[in-house]
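Hi there,

Here is the structure I promised to pass on to you. Have a look at it first, and then read on for what turned up.

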Amino acid sequence: MSDKKLYEQKIQAEFDTCKAQVDKFKAEASGASANAQIEMHKQIKQLEDKMKEGQAKLAELVAASEEKFDAMKKGVESIWQSTKSTLHHASKHFGK
């Protein structure tokens, strides 16, 4: 399997894990007080927006040729780091 394909699978798995965490956050938010829900939903929205941006970059990478892989990889890495940072920040609001 090519490095590009392995990298695609790795990043997709990381985004899948992040999505599972968002689903847990949503479940936790549903049982919170109204004021807490407002902040929790704000954090969830920010995280979902980052994930959408990341999925779009990943889709570009998947469609790219092997020759463009290295150049595009940096963009995917950047958005993934930003997504992880947003996830970490959101986790503070969910007591995780």
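Let me start with a question: is Gln-43 buried or exposed? Gln-43 has a relative accessible area of 3%, and because the cut-off for buried is under 20%, Gln-43 counts as buried. Please keep in mind that this is a predicted model.

Gln-43 belongs to helix 2, which covers residues 34–63. Its side chain makes a polar contact of 2.8 Å with the side chain of Glu-39. Beyond its neighbours within four places in sequence, Gln-43 touches His-89, Ala-90, His-93 and Phe-94.

Now to the aromatic rings. The structure has 2 aromatic pairs. One of them is Tyr-7 with Phe-69: the ring centres are 5.7 Å apart and the planes stand at 70 degrees, which is over 60, so this pair is edge-to-face. Tyr-7 sits in helix 1 (residues 3–30) and Phe-69 in helix 3 (residues 69–93), so the pair links parts of the chain that are 62 residues apart. Both partners are buried: Tyr-7 has a relative accessible area of 7%, and Phe-69 has 6%.

Phe-15 and Trp-80 also form an edge-to-face pair, with 4.7 Å from centre to centre and 70 degrees between the planes. This pair, too, links distant parts of the chain, with Phe-15 in helix 1 and Trp-80 in helix 3, 65 residues apart. Phe-15 and Trp-80 are both buried.

One last thing to look for around Tyr-7: Lys-73 lies over the face of its ring, at 5.0 Å from the ring centre.

Enjoy exploring!

Best wishes

Technical notes: Residues numbered from 1 in each chain as written. Predicted model: local features only at pLDDT ≥ 70, side-chain atom pairs only at ≥ 80, totals over all residues. Heavy atoms only, no water. Helix = DSSP H or I, 4+ residues; strand = E, 2+ residues; numbered from the N terminus. Buried < 20%, exposed > 50% of the residue type's maximum accessible area, 1.4 Å probe, protein only. Polar contact = N/O pair within 3.5 Å; in protein donor to acceptor, adjacent residues only side chain to side chain. Contact = heavy atoms within 4.5 Å. Phe/Tyr/Trp six-rings, centres within 6.5 Å; stacked < 30°, edge-to-face > 60°. Lys NZ or Arg CZ within 6 Å of the ring centre and 35° of its normal.
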